[in-house]
Amino acid sequence: MSETFGFTAPLWRWAARQETADPSAWCFVTLPRDVSDELRLVAGEPRGFGSVPVRVEVGTSRWETSVFPDAESGCFVLPVKKAVRQAHGVEEGDELTVTLEVRG
């Protein structure tokens, strides 16, 4: 049985791309500390770069990706595709409600 987590977090643009308004720039949400800690417990052995494969749901959008550890925050970060941001009309700073399921 897979683990599922729900949370709401603000969308942010990768620092190396903040100088541009390019809508294709990398954007992420940071998983809350408690979700990140629980994810580490249930995910098992991490893949390359410490990533954990997940299924994600934001509104009516669903996709598969991985979350990645962020050394600065100590939490995982979730990349949010341009197509998802456009489909839901969200921009940097907007809050996203996310459901995340660990893929086995």
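Reader: Which residues have the most contacts inside the largest nonpolar core, and how many residues does that core have?

Author: Please keep in mind throughout that this is a predicted model. The general idea is that in soluble globular proteins nonpolar side chains tend to be buried together. Here the largest nonpolar core has 24 residues, and V29, L31, L39, V67, V98 and L100 are those with the most contacts inside it. At least two residues of this core come from each of β1 (4–13), β2 (27–30), α1 (33–43), β3 (52–58), β4 (61–69), β5 (76–79) and β6 (95–102).

Reader: What does L100 touch, if residues up to four places away in sequence are not counted?

Author: On that count L100 touches E3, T4, F5, F7, L31, L39, V54, R55 and V67. L31, L39 and V67 are also listed, like L100 itself, among the core residues with the most contacts.

Reader: Which way do β3 and β4 run, and how many bridges join them?

Author: Strands β3 and β4 run antiparallel and are joined by 7 bridges; one of the pairs to look at is P53 with its bridge partner S66 in β4. The two strands form a hairpin with 2 residues between them, and G59, in the turn, has a positive phi of about 60°. On β6, too, β3 has an antiparallel partner, with 4 bridges joining the two, and there E57 stands opposite T99.

Reader: Is S66 buried or exposed, and why?

Author: The reasoning needs one cut-off, namely that buried means under 20% relative accessible area. S66 has a relative accessible area of 5%, and therefore counts as buried. Its place is in strand β4, and, leaving aside neighbours within four places in sequence, S66 is in contact with R47, S51, V52, P53, V54, P79 and R103.

Reader: Where does R47 lie, and how far apart in space are R47 and S66?

Author: R47 lies in the loop between α1 and β3. From C-alpha to C-alpha, R47 and S66 are 9.5 Å apart, while in sequence they are 19 residues apart. With neighbours within four places left aside, the contacts of R47 are P53 and S66. R47 is partly exposed, because its relative accessible area is 44%, and that class lies between the cut-offs of 20% and 50%.

Reader: Which residues line the largest pocket, and how much space lies in it?

Author: As a general idea, rolling a probe the size of a water molecule over the atoms shows where empty space is left. About 270 Å³ of space lies in the largest pocket of this model. Its lining is made up of W12, W14, A15, F28, T30, F68, P69, D70, E72, S73 and V77, and the elements that give two or more residues to this lining are β2 and β4. By residue class, the lining divides into 7 nonpolar, 2 polar and 2 charged residues.

Definitions and conventions. Residues are numbered from 1 along each chain as its sequence is written. This is a predicted model: local features need pLDDT of at least 70, side-chain atom pairs count only at pLDDT 80 or more; totals for chains, interfaces and linings use all residues. Side-chain values use heavy atoms; hydrogens and water are left out. A nonpolar core is a set of buried Ala, Val, Leu, Ile, Met, Phe, Trp, Tyr and Cys residues joined through side-chain atoms within 4.5 Å. Buried means under 20% relative accessible area, exposed over 50%, partly exposed in between (1.4 Å probe, protein chains only). Contact means heavy atoms within 4.5 Å. On a 1 Å grid over the protein atoms alone, a cavity is a set of points where a 1.4 Å probe fits but cannot get out, and a pocket is an open set with protein on both sides within 12 Å along at least five of seven lines; lining residues have an atom within 4 Å of a point. Grid points are joined across faces, edges and corners, and a volume is the space filled by probe spheres set on the points. Ala, Val, Leu, Ile, Met, Phe, Trp, Tyr, Cys and Pro count as nonpolar, Asp, Glu, Lys and Arg as charged, and the others, Gly among them, as polar. Two strands pair if DSSP finds at least two bridges between them.
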